[in-house]
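Here is a short note to read beside the model. Please keep the structure open while going through the points.

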Amino acid sequence: MDVHTDVAKQIDGIRKDPLASALNTADYKYSSATPRGWTFVGDSDEPLDQSIFDFVKSKSSAKKPHSQPVPKTVTTDSHAIHRQFTDDEMRAIKEMLKSWQESAPVIKREPTLHERIKQLPQEERTRKTIVIDQTIGERFDVFCEAEHLNKSDILNLALVDFMDKFECPSLR
């Protein structure tokens, strides 16, 4: 995400392009050199007490929800965007986030079909003849061909899942 989008998301009612245009109109120029950000380059006084919306062209789709002064230099690391929290409040928020992350349940990712096939045991195989509905057989053929899968591996996985679900535990 670029700095324009990041800053625009912090200001309610304006998008990236109208923001960049308004800052240019207010005699701010963006520097991609370190430190990155917008710097005032105008000859007159810096418009610190004016809203950025005063510089947005009327044909843009930006709304004017409230006045907000333009900071002298805004970077993605700048605290000028995040003035609503004190250092103590930021510390408390970080502690709450850390506590939440430590207590959050771990979400297990299900293995993909290809990963499950790789995990199949390489045991002795036996040949079985099955009779299935023709349309299911055709769909199965198309799927295996499209995914470059061995039909025996897919049937093996399907039967393992079926047996795990329905087989009586005493027969295992």
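Does R116 count as buried, partly exposed or exposed, and at what relative accessibility? R116 counts as partly exposed, at 26% relative accessibility. The points below start from the overall picture and return to this residue.

1. Overall layout. This is a predicted model. The protein has six helices and two strands. Along the sequence they run α-α-β-β-α-α-α-α. Of its 172 residues, 22% count as buried. Among contacts with a separation of 6 or more, 49% come from residues 24 or more positions apart.

2. Side chains of opposite charge can pair when their charged atoms come close. The whole structure holds five salt bridges.

3. R116 and D161. R116 sits in helix α4 (residues 113-118) and D161 in helix α6, so the pair ties together parts 45 residues apart in sequence. D161 is partly exposed, with a relative accessible area of 37%. R116, at 26%, is partly exposed as well.

4. K151 and D141. K151 is partly exposed at 38% relative accessible area. D141 is partly exposed at 35%.

5. D88 and R91. D88 counts as exposed, because its 53% relative accessibility is over the 50% cut-off. R91 is partly exposed, at 47%.

6. D153. This residue lies in helix α6 (residues 151-166). D153 counts as buried, because its 16% relative accessibility is under the 20% cut-off. A polar contact of 3.2 Å joins its side chain to that of R125. Leaving aside residues up to four places away in sequence, D153 touches I117, L120 and R125.

7. The aromatic pair. The structure has one. The ring centres of F162 and F166 are 5.0 Å apart and their planes meet at 45°, so the pair is tilted. Both residues lie in helix α6, four residues apart, about one turn of the helix. F162 is partly exposed, with 45% relative accessible area. F166 is exposed, with 53%.

Terms used:
Residues are numbered from 1 along each chain as its sequence is written. This is a predicted model: local features need pLDDT of at least 70, side-chain atom pairs count only at pLDDT 80 or more; totals for chains, interfaces and linings use all residues. Side-chain values use heavy atoms; hydrogens and water are left out. Buried means under 20% relative accessible area, exposed over 50%, partly exposed in between (1.4 Å probe, protein chains only). Contact means heavy atoms within 4.5 Å. A polar contact is a pair of N or O atoms within 3.5 Å; within protein, one must be able to donate a hydrogen and the other to accept it, and residues adjacent in sequence count only if both atoms are side-chain atoms. Rings of Phe, Tyr and Trp (its six-membered ring) pair if their centres lie within 6.5 Å; planes under 30 degrees apart count as stacked, over 60 as edge-to-face and the rest as tilted. A salt bridge is a side-chain nitrogen of Lys or Arg within 4 Å of a carboxyl oxygen of Asp or Glu.
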